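This briefing walks a new reader through a structure, beginning with a sheet and going on to helices, a salt bridge and the backbone.

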Amino acid sequence: MVRAVVVREAGGPWCLESVRLPDIGRGQVRVRVRAVGLCRSDLSLADGSLRGDFPVVPGHEGVGTVEAVGPDVVGLRPGDPVLFFWTAPCGRCWFCVRGEGHLCDAAAGSGGGANGPGGSAAGPSGVEGGPGAGGGTIVLEDGVRAHPALGLGAFAEELVTSARAVRPSPISIPDEQAAVLGCAVATGFGAVRNTARVAQGDSVVVVGTGGVGLSVIQTARDVGAGAIFAVDPAADRRDLALRLGAHAAYPPDLTLGRTIRAMTGGHGADHVFECVGKASAIRQAWGLARRGGQVVVVGAGSHTDRLQFSAFELFHFARTLRGAVHGSFVADVDLPLLCERVAAGAYDLPRLVARRSGLDGVAEAVADMEAGRGARSVFVLAPPGAAVAAERGGASEGVGR
Ligand SMILES: [Zn+2]
Ligand SMILES: [Zn+2]
């Protein structure tokens, strides 16, 4: 048994429970989690705004150590430090062969990808094996079966997942900083470099400056964007955005469109990144782009949250509106450059991590995120000796909310 955070129903409390992990299947690994970050998508899965199965063990952004590998796993050994990547491309499907591993059929089919985040029993596809390569569900103490969010379920002392959902970590930085690379930083990095292809001198607006938005800002700065504007209702986040590379920061009020046009020669921005995942924020982002500019939807929104465009405005403004699943980040291709830029100091990771605690601090972290406070919350797990001792101590403990 290991301890894991479990949300039993949509909108229910996040409780620390003892769970039994599935046996390792073909193409899978068992990983001891060392640190895990709380992402906005975890909240959206737990409150039901993203489709998913319950009970669920949230968590898809983190760092750990391989404990054991199943049959047919190549390139990973017990003891390897690894980063988690929830898109887990299979390497063989139509999308993967085209170099679009972030849209992998297997990950989407598992509920872990573009078409229906929500986590599945089997998790992302196994190594070389296509979808559903072995594995089973997590079993709670009362026998109820739970699902690992996005095939990972990283809010746990250990997890069992596809070997394709983890990559050997090529960088030596503190766990709490490495934890945010796999989702927040990778998404921001990819959205700017792969999806939008921001060029030197381009103007950029970032709507929503949590962990992902702040990573978009830092990547835009790194690629030489000419002007970077941050938009967030929270003053402390606007402040952080300014420290991390934004040239100006504004609340999302009614004067915003006029302000951004005034700051961009009357035109609007070349690229607007929506990092909230709300129809209203996408609509606002649309109005901040120049004619011929683009709006990149980075946030994962709800399937019931709708927005409207007139036929004329789509024609007249000639803007591109596009989604960016995991920032179009493909770990096999992009991880080396990401780590190179991290090592070069392009990302202020200590500032990105606003709060750190053990798994028992998850309720406060969730409350902070719901209130839009701070950047990323990271949970650093106890070393292996302490975890074993705690487990011997027995029973589950509710952390309530
Ligand atoms: Zn995430
Ligand atoms: Zn694939």
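In this predicted model, six strands form an open sheet in the order β13-β12-β11-β14-β15-β16, with parallel pairing. Two strands are taken to pair if DSSP finds at least two bridges between them, while the strands themselves (E, at least two residues) and the helices (H or I, at least four) are DSSP runs numbered from the N terminus. Local features need pLDDT of at least 70 and side-chain atom pairs count only at pLDDT 80 or more, whereas totals for chains, interfaces and linings use all residues. Residues are numbered from 1 along each chain as its sequence is written, chains are lettered from A and ligands numbered from 1 in the order in which they are written, and side-chain values use heavy atoms, with hydrogens and water left out.

- The edge strands, each of which pairs on one side only, are β13 (248–250) and β16 (320–323).
- Neighbouring strands of this sheet are turned by 20 degrees against each other on average, direction ignored; axes are lines fitted to C-alpha atoms, for helices over the stretch in contact, and angles run from 0 to 180 degrees between N-to-C directions.
- Strand β12 (residues 227–231) pairs with β13 in the parallel sense over three bridges, and Phe229 stands opposite Ala248 in β13.
- Helix α5 lies across β14 (269–274), β15 (289–297) and β16, and runs at about 130 degrees to β14.

**Helix α5 and its partners**

- The axes of α5 (residues 181–196) and α6 (residues 211–222) come within 7 Å and cross at roughly 45 degrees, and the two helices are therefore oblique to each other; angles under 35 degrees count as roughly parallel, over 145 as roughly antiparallel, 65 to 115 as roughly perpendicular and the rest as oblique.
- The crossing of α5 and α6 is right-handed, a term used if the near helix is turned clockwise from the far one by less than a right angle.
- Contact, meaning heavy atoms within 4.5 Å, is made by α5 residues including Phe189 and Val192 with α6 residues including Val212 and Val216.
- By class, the contact of α5 with α6 has seven nonpolar, five polar and two charged residues, where Ala, Val, Leu, Ile, Met, Phe, Trp, Tyr, Cys and Pro count as nonpolar, Asp, Glu, Lys and Arg as charged, and the others, Gly among them, as polar.
- With helix α11 (residues 331–343), the axis of α5 comes within 11 Å and crosses at roughly 100 degrees, which makes α5 roughly perpendicular to α11.
- Among the residues in this second contact are Leu181 and Phe189 of α5 and Leu337 and Arg341 of α11.

**Helices α8 and α9**

- The axes of α8 (residues 256–263) and α9 (residues 279–288) come within 9 Å and cross at roughly 30 degrees, and the crossing is right-handed.
- Leu256, Gly257, Ile260 and Arg261 in α8 meet Gln284, Gly287 and Leu288 in α9.

**Salt bridges**

- The structure holds 20 salt bridges, each a side-chain nitrogen of Lys or Arg within 4 Å of a carboxyl oxygen of Asp or Glu.
- One of them joins Arg32 and Glu67, whose closest N and O atoms are 3.6 Å apart, and this pair links distant parts of the chain, with Arg32 in strand β3 and Glu67 in strand β5, 35 residues apart.

**Backbone details**

- Most residues other than glycine have a negative phi, and most peptide bonds are trans.
- The peptide bond from Phe54 to Pro55 is cis, with omega near -10 degrees, and Pro55 is found in the loop between α1 and β4.
- Leu150, in the loop between β8 and β9, has a positive phi near 50 degrees.
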